[in-house]
Amino acid sequence: MATPTAASAPTAGKGLPTILEKIQAQRLVDIAQSKRTPGTTPTDLTTLLSLNLAPPLIPVLSRMRSSITPGKTPALMAEIKRASPSKGDIALDANAASQALTYALGGASVISVLTEPTWFKGSLLDMRLARQAIDGLPNRPAILRKEFILDEYQIQEARLHGADTILLIVAMLSPARLSALYHFSLSLGMEPLVEVNNATEMSLALSLPAKLIGVNNRNLHDFNVDMGTTTRLADMVKGKDVTLCALSGIMGRGDVEKYLEEGVGAVLVGESLMRAKDTTAFIRELLGLEQGLGRTGLGLCRVKVDGVVTPEQAVKVAEAGAELVGVHLSFGKKNRVSVKQASAISLALRKVRSRFSDTSRPPSATTVSLGNESWFQAQARRLSASLTICSPLLVGIFDGDTTLEEIIRTVHLAQLDIVQLPPSAPLHYSSHIPVYTIRTLQGTSNTLSLSLAQTPGYHHLVLLECEAENSDAAKSVSELDVPLILSIVGETLTADKVQEVVEVVRPWAVCASGNVEIDGGSVDGELVGSFVQAVKAAGEGSPW
Ligand SMILES: O=C(O)c1ccccc1NCC(=O)[C@H](O)[C@H](O)COP(=O)(O)O
């Protein structure tokens, strides 16, 4: 691997070095320092990559192209930029992880993270945290390492810290180095964003042949921003397999519309996004999307009935309209069933499901959004969609003494659709259980368990057990971004009471208690039916 030296930097020409040349000289010093540091030597990075320690990639080009509607909606490359040489401090307090999440949920296709520390106050840690914050999203944006890349070493760093793509600035590199770095990036699976500022640089980029080309409206030597730069070069990529991006100086929808008319597919926006009062609203403005659209769900609340012990009871509960049937599988529990009984219940439910399902519904009718949504919203949407074609689902309820191996064995033997875990279940269980999981939490839960409740991957839904008089706790949990199954304990929920609770808490589902829970082998189908009706009426318009 060739090691660049300061001598390979372009000379400043006459007079003082430009900012680009200063940054370049400093970056060469920084790279040399990192390469000397034990643990991050070039050999270390090669070893780490060969151990497959870089997180999985997404292909940046297809991620961007899937978001573009020509002439209407560009792909947004949203930049995390605390400061810059031209503007000084912009947003020193910005937190890379929360900024990245806001960008992702707002609709960005790429998150550009400046990792240069001296002038831009960025770091590789910023990029790593930005990646971690969005990692669980079902349609996460690609991560761009926005950097002054001079050495293959920086491309290896980028991959290891979670980048999907890197920036190559043509003005900083000889044609031979540009080509070497371009192909090195491709060899690690990353199509680079190649930045140009004039026709000569554009021809070089096209000869690589780069497929993602950004025209920087800012001249990096003198900071001058000329919004016509992209316009003048746009024709050079017409008819080519190139996604053209306009970079720098974009302040609002007006700039974006002009570029869209010229065939530009993407815009990279830094400062104006970092200074926006309402980042999400500004993203929607840039993308030309309607404002103020909240979460869209099916507007439903579902019912879970626990304590079923026989196939006949399960069918009665299904006929009454409940979507989830719970069986207790742990010793010492009232209404505990054996694995064999659970299996018989499962079989009975599978036989009747077609009666309560609408298989004629196309998947898109139940798939509310394939855009950016949180991990929990995506789980809830998928589970709700499954329920429209496959209802009711069987939930196996376990206590704290059941081992992971026993749970997995029971899932297979009894054909469980969902596993309900106790509060004490280790957090890694969910990632090993091959079906959806619910974690039980008590209404008195502390801040730690509330923050764990919102961690993607620890469970798919939360069942909150709370006393009727403590429904404030349920209200506060309902504000979390987690689909909630509400279980009011210690009181018989009347139809009126359940309506009140559902309207306030807006849960994903309610667990039938006292009045409908099975006791002594009989199920009052009418009672369950009226409970279900009350929940359905109150749940209309729910975000889930
Ligand atoms: O932004 C600078 O002052 C700057 C100076 C020297 C080299 C690079 C510089 N910026 C990098 C960028 O290309 C921009 O951060 C990016 O295009 C976003 O621009 P903006 O939306 O104008 O913040």
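**Entry 1: domains**

Into which domains is the protein chain divided? I found domain 1 (58-287) and domain 2 (302-539). The bounds come from an automatic or database domain assignment. I noted that this is a predicted model: local features need pLDDT of at least 70, side-chain atom pairs count only at pLDDT 80 or more, and totals for chains, interfaces and linings use all residues. Residues are numbered from 1 along each chain as its sequence is written.

I looked up the spacing next. The centres of domain 1 and domain 2, taken over C-alpha atoms, are 43 Å apart. Seven residues from domain 1 and nine residues from domain 2 make the contact. Two residues count as in contact if their C-beta atoms, placed from the backbone, lie within 7 Å. On the side of domain 1 that touches domain 2, I read four nonpolar, three polar and no charged residues. Here Ala, Val, Leu, Ile, Met, Phe, Trp, Tyr, Cys and Pro are nonpolar; Asp, Glu, Lys and Arg are charged; the others, Gly among them, are polar.

**Entry 2: the ligand**

How many residues surround the ligand? I got 20, and the closest are S84, S86, S248, G270 and E271. A residue is near a molecule if its C-beta atom, placed from the backbone, lies within 6 Å of it. The shell divides into nine nonpolar, seven polar and four charged residues. At least two shell residues come from each of α1 (19-36), β10 (266-269) and α11 (271-275). Helices (H or I, at least four residues) and strands (E, at least two) are DSSP runs, numbered from the N terminus.

I went back to S248. S248 has a positive phi of about 80°, although it is not a glycine. S248 sits in the loop between β9 (243-247) and α10 (253-261).

**Entry 3: the barrel**

I followed the strands β11-β12-β13-β14-β15-β16-β17-β18. These eight form a closed barrel with parallel pairing. The twist averages 25° from one strand to the next. Angles run from 0 to 180 degrees between N-to-C directions, and axes are lines fitted to C-alpha atoms. I checked β11 (residues 302-306) against β18 (residues 509-512): they pair in the parallel sense over four bridges. Strands pair if DSSP finds at least two bridges between them. V305 stands opposite A512 in β18.

**Entry 4: cis bonds**

Which residues does a cis peptide bond with omega about 0° join? S391 and P392. P392 lies in the loop between α16 (375-389) and β13 (393-397). I also found the bond from L208 to P209 to be cis, with omega near 5°. P209 is in the loop between α8 (199-207) and β8 (212-216).
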